[in-house]
Amino acid sequence: MNIAVLAKASVDPNMVRADSEGNLLVDSMPLALSEYDKNAIEEALRIRDAKGGKVVILSALTWGPLAKRQREAEQVMREALAMGADEAHLIVDEALVPGSPLHTAQALKALVDKLGGFDLVLTGEGSMDTVSYQVASRLAVLLDYSAATFARKIEVNDNGLVRVVRDLETRYETHELPLPAVVSVTGEINKPRLPTLLQIRRAMAKPLKKYTLQDLGVRLEGHRPGVEELKLLRVARKQVIIEESDPAKAAEKLIEILENEGILKL
Amino acid sequence: MKALVLAHPASQAGDAIGFAQQLGEDVEITIVATGGVKDFPYRGVTRIISVGDAGPTPGQLSQLLLKHASGVDAIVAPSLKDATDAIARASALLGIPMFTEVNKLDRSSEGQVTVSRPVVAGRAFVTYRTSLPAAFTVAKKAFPPQGPGGNASVVEEQLPSARERRVGVEEKQFSGVNIEEAEVVVGVGRGFKRKEDLTLAEELARLLNGAVGCSRPITADLGWLPEDAWIGISGKRIRPKLYMPIGISGAPQHMSAAMDAKLIIAINKDKGAPVFQYADYGFVIDLYKLLPVFIEKLRERKKA
């Protein structure tokens, strides 16, 4: 099976930096492989190991400045390759920055077409930075593939059909889809493997290709919204740390706090 | 101005209708409703397209939307998974931008709107200015719909066919406890090593007249608690007087959902746990050492 995984170099929510007014200093926030895309890569590797085939990483860089971010995005690709993927393809183009799912999906469609299509395209349910939950669904219809989102379990059958258990708010639904298909996965689908040092070194030798939109022969269509503000939601917390190792004393301190704060009556 | 609202499920469509109403003066709203629902007594609703089936697939919904999207300035839906999927598919085919989980809307002139939505695991928000047509999913309770209304024409339609087929359903079990309204919440995380140990948190919650909530892995992965206990950007938002995250590392996706808590007191044996940055008071101590003693002292206090 030829499996593609959409992997995003996302701004890391654990490394948030803002100025004194709360404006996010995105340029100084490092990029990392989006959390649920790791689950997608893991799932792709499992399917490849069971059925044979190839796992190909596809990515579109949507954060600037390009000169700096390009290197970070390549590192993210190497991390995906170190997990066990066979090759990586990265779209780098000013026109995709900052990201808009409408255009990201168009660019990825052009890349999929250039690579000759895939049986299965996997990705995380949403990226860890912009969390739009759109790209998988958008890409599926642009490619005219079937689609299923929020997959907690994927079963590839030998009859060209894929069975997906979708994790919805009040229920689990099993859907059957004909290949080719795009499936987005949740964080609960599997536990992503951690690459070994040897695998990390081997990843340096695996193919990593870069493309501009011109290389892909695609012109982006549709309105690109403007970003007016990107701000931290700040809640000032006291951040008082109590390092009391005696549980009795700690418990007393805790009760004192609850009394002072009006939670417990004095 | 014309808006198309996807009421799926119909019971959760209020905010989508409210958002559509706020897009302009006298917005004409067409509703695509599932589950055979035909009653939407809100101002501006002029047409209801009723689908008898309660459970169409996102593929079917997106085609239904496409059928009625001509001349529409905005497509709006609740921010639930199936609706989001359906709207995203329709947006791709229509070539329009889409904004997920919008919680703020400002109208500007010349057919542009400004919307805000949470990003970066709920730690930040982004404000976009966009032309119409565009699609939106809206946050719960963010846009209460205005009445009264009536006189909407109702049309019944069949579901179109789609490639994907639903072949099985398993309903989730919930506790029925509403942590969103609880005044005190005790949160449990992976610091708890066994399901049986959750009784410590339950006892504590009982003594504080509160409810027990949890981080994502406790419910979605381990299934130790039903999903209505899940505090997270994909779960429930809480706004108690007191939130006590215990054995919770403090991932941003979890802590953002508790940011409206008046007071946060964390317990974690790892001094470097991110949770301490989100807390007013943080106790660096093993929960297994502190909780039994704390519970005992609370019990004594109650008797006295």
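A contact here means that heavy atoms lie within 4.5 Å of each other. With that rule, among contacts in chain B between residues at least 6 apart in sequence, 61% join residues at least 24 apart. The structure is a predicted model, in which local features need pLDDT of at least 70 and side-chain atom pairs count only at pLDDT 80 or more, while totals for chains, interfaces and linings use all residues. Residues are numbered from 1 along each chain as its sequence is written, chains are lettered from A and ligands numbered from 1 in the order in which they are written, and side-chain values use heavy atoms, with hydrogens and water left out.

Taken along the principal axes, the C-alpha atoms of chain B fill a box of roughly 65 × 45 × 35 Å. Of the 304 residues in chain B, 57% are buried; buried means under 20% relative accessible area, exposed means over 50%, and partly exposed lies in between, with a 1.4 Å probe and protein chains only. Chain B exposes about 12,200 Å², and carbon and sulfur atoms supply 47% of that area, as computed by the Shrake-Rupley method with a 1.4 Å probe, where for residues only the protein chains shown count as cover. The chain has 37 positive and 33 negative side chains, and the centres of the two sets lie 5 Å apart. In this count Lys and Arg are positive and Asp and Glu negative, with His and the chain ends not counted, and the place of a charge is taken as NZ of Lys, CZ of Arg, CG of Asp or CD of Glu.

The aromatic rings come next. Rings of Phe, Tyr and Trp (its six-membered ring) pair if their centres lie within 6.5 Å, and planes under 30 degrees apart count as stacked, over 60 as edge-to-face and the rest as tilted. By this rule there are six aromatic pairs over all chains. In one of them, the rings of B:F19 and B:F136 have their centres 4.8 Å apart and their planes at 45°, so the pair is tilted. Because B:F19 lies in helix α1 (residues 14-21) of chain B and B:F136 in strand β9 (residues 134-138) of chain B, the pair ties together parts that are 117 residues apart in sequence. B:F19 counts as buried at 0% relative accessibility, and B:F136 is buried with a relative accessible area of 0%. B:F19 also forms an edge-to-face pair with B:F143, at 5.0 Å centre to centre and 85° between the planes. Since B:F143 lies in the loop between β9 and β10 (153-157) of chain B and B:F19 in helix α1 of chain B, this pair ties together parts that are 124 residues apart in sequence. Ring pairs link B:F19, B:F99, B:Y128, B:F136 and B:F143 into a cluster.

Some details of the backbone also deserve attention. The loop between β9 and β10 of chain B holds B:P148, and the peptide bond from B:G147 to B:P148 is cis, with omega near -10°. In chain A, the peptide bond from A:V97 to A:P98 is cis, with omega near -10°, and A:P98 lies in the loop between β5 (87-91) and α3 (101-114) of chain A. B:A121, a residue other than glycine, has a positive phi near 55°; B:A121 is found in the loop between β7 (112-119) and β8 (124-131) of chain B, and is buried with a relative accessible area of 1%.

Finally, consider a helix in chain B. Seven of the ten residues of helix α4 (residues 198-207) of chain B are buried, so this helix is largely enclosed by the rest of the structure. The buried residues of α4(B) include B:L198, B:E203 and B:L207, and the buried residues of this helix pack against β12 (184-188), β13 (211-214), β14 (242-246) and α7 (287-303) of chain B. After α4(B) comes B:N209, whose phi is positive, near 60°.

Key:
Helices (H or I, at least four residues) and strands (E, at least two) are DSSP runs, numbered from the N terminus.
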